Amino acid sequence: MPRPRYLESRNGLRLWPVGTALVVIFAAAIVVAAGAFFAGWNLLGAHGLKPEHRLTSSTLFNLVKLSFGVVAGSGALVALVVAYRRQRVDEDGALREATRLHTERFTTAVSQLGQDSPAV
């Protein structure tokens, strides 16, 4: 009996370690953010900034908002990686359960073929 098509496509769960996945995701996020920043920088034509000798309260407030945004974005990336891994593990568990159930039913049917009783 041939294996079902959904079983042929997956041979076990292949996931990167969490640390590697997080490093890759953070690196990709930094590259995308830097690309967007420099594209906006060039499109707006902002080639020079005036130096500030003292930090004003509005500049300090903007820095605090930026730092909170970076922390929130980092947390969102970590949550995204963890949710993706959890989903993959759950899908693999469901596939294993379906395979186990199929095997049990097949084994039960095969064992009933050799019975002496015609009712079985």
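A salt bridge, as the term is used on this tour, is a side-chain nitrogen of Lys or Arg within 4 Å of a carboxyl oxygen of Asp or Glu. Before selecting anything, note that this is a predicted model, in which local features need pLDDT of at least 70 and side-chain atom pairs count only at pLDDT 80 or more, while totals for chains, interfaces and linings use all residues. Residues are numbered from 1 along each chain as its sequence is written, and side-chain values use heavy atoms, with hydrogens and water left out.

**The whole chain**

Begin with a cartoon view of the chain, whose secondary structure comes to 3 helices and 0 strands, in the order α-α-α from the N terminus on; helices (H or I, at least four residues) and strands (E, at least two) are DSSP runs, numbered from the N terminus. If you then colour by accessibility, 6% of the 120 residues count as buried, where buried means under 20% relative accessible area, exposed over 50%, and partly exposed in between (1.4 Å probe, protein chains only).

**Helices α2 and α3**

Next, select residues 18-44, which make up helix α2, together with helix α3: the two axes come within 10 Å and cross at roughly 135°, the axes being lines fitted to C-alpha atoms, for helices over the stretch in contact, with angles that run from 0 to 180 degrees between N-to-C directions. The two helices α2 and α3 are therefore oblique to each other, since angles under 35 degrees count as roughly parallel, over 145 as roughly antiparallel, 65 to 115 as roughly perpendicular and the rest as oblique.

Within helix α2, pick out Ala-29, which counts as partly exposed because its relative accessibility is 30%. A distance drawn from Ala-29 to Leu-77, C-alpha to C-alpha, comes to 8.8 Å, although the two residues are 48 apart in sequence.

**Salt bridges along α3**

Now show the charged side chains, among which a search of the whole structure finds 3 salt bridges. Select Asp-92 and Arg-96, whose side chains meet in a salt bridge at 3.2 Å, N to O; they are separated by about one helical turn because they stand 4 residues apart in helix α3. Asp-92 is buried, at a relative accessible area of 8%, whereas Arg-96 is exposed, at 53%.

**A nonpolar patch**

Finally, switch to a surface view and select Leu-55, Leu-60, Leu-63, Val-64, Leu-66, Phe-68 and Val-70, which form a nonpolar patch with about 690 Å² of accessible area together. Patches are made of residues with over 30% relative accessible area and no salt bridge, like charges being joined within 9 Å and nonpolar side chains (Val, Leu, Ile, Met, Phe, Trp, Tyr) within 5 Å, and accessible areas come from the Shrake-Rupley method with a 1.4 Å probe, where for residues only the protein chains shown count as cover. Stop at Phe-68, which lies in helix α3 (residues 57-113) and counts as exposed because its relative accessibility is 58%.
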